[in-house]
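Here is a short briefing on one protein chain.

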Amino acid sequence: IMISFLIPSHNYGKYLIRCVDSILKNNPKFIKEIVIVNDSSEDNTDEVATKIRKQRKKIKYFKKNFKNLSKTMNFAIKKTEGNVICKIDPDDQIKKNFAEILGKKFFELKADFLYSDFIVRDKSTKKEKIKNQKVHPFLKKLMYPHGSGCLYNKKIWKEVKGYNEKIFYQDDYDFWLKILNKKKFKINYLSEALYIYNIHGSNMSKNIINKNVTKLKILLTNLFKL
């Protein structure tokens with residue numbers, strides 16, 4: 001299994017090199033490509049990404065003005081040549097055995113969607129903890145895995161018609177519910193923490209009110225389809 005890694009970036013230039021290098025420390029046999037999409041950044045993202053593309057192999061770089069993560073993801077997937085997708089947030093990292101362990105497990109299980117635990121690293125306190133992501137079958141409509149660090153087959157993305165470009169929060173939750181709605185994809189869980197989620201002051205996910213309002217709307221929209 002070769003993985004197409006996608007990095008959607010909006011004003012995360014200062015983290016980008018660290019993120020890309022954490023991917024490239026993985027076994028190259030499992031890395032198909034790394035697609036960086038710079039969406040409307042006003043920092044040094046373009047300068048950093050341009051430099052990365054010249055200095056490192058398997059990098060594709062695009063600059064767009066969507067101001068929409070779902071549009072960015074759909075665009076990035078259209079640019080991939082591989083069949084197995086994995087989103088990595090530009091301010092996060094993966095361990096050097098991420099691609100090999102998850103790639104082999106994805107193949108062995110004949111999975112359509114594979115998710116695992118991850119490490120939460122607090123930059124201010126320097127503390128780490130492991131986040132157990134296992135979704136209970138009875139709570140699968142309410143619980144969902146963190147959208148980054150999961151592996152999924154591109155055919156899933158095609159069948160659910162991609163990410164919902166009309167929403168600006170909880171795109172991963174909407175994507176998860178659409179996958180469940182199909183009721184035919186094989187979803188697997190692996191109890192290993194190989195993705196590093198960094199907590200810092202500029203995390204997009206900290207907009208709690210907008211997230212929860214959007215989550216409720218998505219749930220109500222999909223509730224009777226599941």
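The chain holds seven helices and nine strands. Helices (H or I, at least four residues) and strands (E, at least two) are DSSP runs, numbered from the N terminus. The model is predicted: local features need pLDDT of at least 70, side-chain atom pairs count only at pLDDT 80 or more, and totals for chains, interfaces and linings use all residues. Residues are numbered from 1 along each chain as its sequence is written, and side-chain values use heavy atoms, with hydrogens and water left out.

**Burial and surface**
- Of the chain's 226 residues, 50% are buried (under 20% relative accessible area; exposed is over 50%, partly exposed in between; 1.4 Å probe, protein chains only).
- The chain's accessible surface is about 11,800 Å², by the Shrake-Rupley method with a 1.4 Å probe, where for residues only the protein chains shown count as cover.
- Carbon and sulfur atoms account for 53% of that surface.

**Contacts**
- Take the contacts between residues at least 6 apart in sequence: 78% of them join residues at least 24 apart.
- A contact means heavy atoms within 4.5 Å.

**Positive phi at K67**
- K67 sits in the loop between β3 (59-64) and α3 (69-78).
- Its phi is near 55 degrees, a positive value in a residue other than glycine.
- K67 is exposed, at 59% relative accessible area.

**Positive phi at K161**
- The loop between α5 (154-159) and α6 (171-182) contains K161.
- K161 is not a glycine, yet its phi is positive, about 65 degrees.
- With a relative accessibility of 75%, K161 is exposed.
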